[in-house]
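Dear colleague,

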Amino acid sequence: MRLRRLPTAAVALVALVSLAACGGQREPSSSGSESGGRLTIATGNTTGVYYQLGGALASVISEKMSGYRATASETGASVQNIQGLVGGNYDIAFSLGDSAADAVNGVNSFKTKQDVVALTRLYNNYTQVAVRTSANINSIADLKGKRVSTGSPNSGTEVIARRLIEAAGLDPASDVTAQRLGLPESVDAMKSGSIDALVWSGGLPTGGITDLFTSLGKGVKLLPIADLLPKMQEKYGSVYSQAPIPAATYKQPADVATIIVPNVLLVRKDMKDELAEQLTKVVYDNMDALVAVNAAAKGIKLENAEKTDPVPLHPGAKKAIDGLK
């Protein structure tokens with residue numbers, strides 16, 4: 001059998017991203033200055049989009065911003081990322097918009113208002129609820145009594161999973177057997193049959209979900225959940241909206257209506273304006289490198305960059321965005 005060889009440039013990019021991602025796992029942040037230094041990026045689970053794009057972003061920062069070396073850390077994602085950012089463990093953090101809104105308002109997972117601001121809005125995350133076909137689950141309400149992975153502890157996925165379960169009239173603490181698993185572990189548990197469903201919030205496509213459908217085929221399906229959007233919006237506002245997961249994403253028979261939430265790229269409020277400006281500019285000047293790693297990056301649009309409410313936009317980021325328009 002002949003093996004298809006990747007172009008040399010593609011191999012180099014994948015290798016660079018892998019080094020940037022793996023090299024930064026759980027390293028403490030030392031914060032950069034305007035003139036250079038080390039920057040650490042909080043991402044997410046290894047088979048998720050945050051991790052892939054975080055590695056790519058670390059690579060372009062290291063290559064394009066003179067004097068800087070950036071690394072990407074594997075994390076539990078949004079809530080943990082914000083906690084680590086405020087605590088000084090990271091300099092840049094990926095986050096879901098709803099978790100970021102909670103942080104600046106000091107509600108739900110955050111007991112006080114957090115001094116975080118946005119560099120830019122990113123792509124949208126799609127809530128992907130995958131269920132085993134044999135489990136007879138056709139709605140979120142049908143998760144009652146089922147074994148469900150609600151995502152990593154302190155992740156944006158866990159926040160959304162709990163809110164969805166509550167919107168369906170269930171108690172996430174007693175009506176479902178919740179397994180707080182990361183995406184790789186959730187996929188493995190679905191394959192082995194030790195859980196009946198998983199909730200995941202991520203860009204399209206998410207590698208772990210692709211793997212799940214490739215492995216189980218018709219033994220797994222995506223659940224339409226857009227019927228719960230009115231209740232989600234009533235309680236949490238317009239941060240949630242509706243969009244389809246296109247059938248072609250995971251080779252499904254039809255589009256699946258779901259709930260989406262935007263992602264934001266966060267930094268601490270005290271980051272110097274010049275550094276925030278450089279970081280924002282490097283994102284938009286290197287979109288090809290981000291898209292090459294995951295197609296979800298196609299959703300990062302300059303015209304949406306400032307739409308981060310209620311999270312304030314960093315003044316340096318605003319200067320960069322204004323200059324790019």
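Beyond its neighbours within four places in sequence, Ile61 is in contact with Leu39, Ile41, Tyr68, Ala70, Ile92, Leu279 and Val282. Please bear in mind that this is a predicted model. Ile61 belongs to the largest nonpolar core, which holds 81 residues, and together with Leu279 touches the most other members of that core. A further core of 20 residues lies apart from it, and includes Ala130, Ala243, Tyr250 and Val256. In soluble globular proteins, nonpolar side chains tend to be buried together.

The largest cavity contains about 170 Å³ of space. Its lining consists of 26 residues, and those nearest the centre are Asn45, Ala77, Thr157, Trp200 and Ser201. Two or more lining residues come from each of the elements α2 (49-64), β4 (116-132), α5 (156-167), α6 (183-192) and β7 (197-202). Of these, β7 gives the most, with five residues.

How do the residues lining the largest cavity divide into nonpolar, polar and charged? There are 16 polar and 10 nonpolar residues, and no charged residue takes part in this lining.

The second largest cavity has a volume of about 60 Å³. Leu53, Leu57, Phe94, Leu122, Leu265, Val283, Leu290 and Ile300 form its lining. By class, these are eight nonpolar residues, with no polar and no charged residues.

Finally, I would draw your attention to helix α4, which spans residues 97-105 and is mostly covered, with eight of its nine residues buried. The buried residues are Gly97, Asp98, Ser99, Ala100, Ala101, Asp102, Ala103 and Val104. The elements covering them include helices α3 (78-86) and α5, along with strands β3 (92-96), β4 and β10 (256-268). Both β4 and α5 also give two or more residues to the lining of the largest cavity. Just after α4, Gly106 takes a positive phi of about 65 degrees.

With kind regards

Key:
Residues are numbered from 1 along each chain as its sequence is written. This is a predicted model: local features need pLDDT of at least 70, side-chain atom pairs count only at pLDDT 80 or more; totals for chains, interfaces and linings use all residues. Side-chain values use heavy atoms; hydrogens and water are left out. A nonpolar core is a set of buried Ala, Val, Leu, Ile, Met, Phe, Trp, Tyr and Cys residues joined through side-chain atoms within 4.5 Å. Buried means under 20% relative accessible area, exposed over 50%, partly exposed in between (1.4 Å probe, protein chains only). Contact means heavy atoms within 4.5 Å. On a 1 Å grid over the protein atoms alone, a cavity is a set of points where a 1.4 Å probe fits but cannot get out, and a pocket is an open set with protein on both sides within 12 Å along at least five of seven lines; lining residues have an atom within 4 Å of a point. Grid points are joined across faces, edges and corners, and a volume is the space filled by probe spheres set on the points. Helices (H or I, at least four residues) and strands (E, at least two) are DSSP runs, numbered from the N terminus. Ala, Val, Leu, Ile, Met, Phe, Trp, Tyr, Cys and Pro count as nonpolar, Asp, Glu, Lys and Arg as charged, and the others, Gly among them, as polar.
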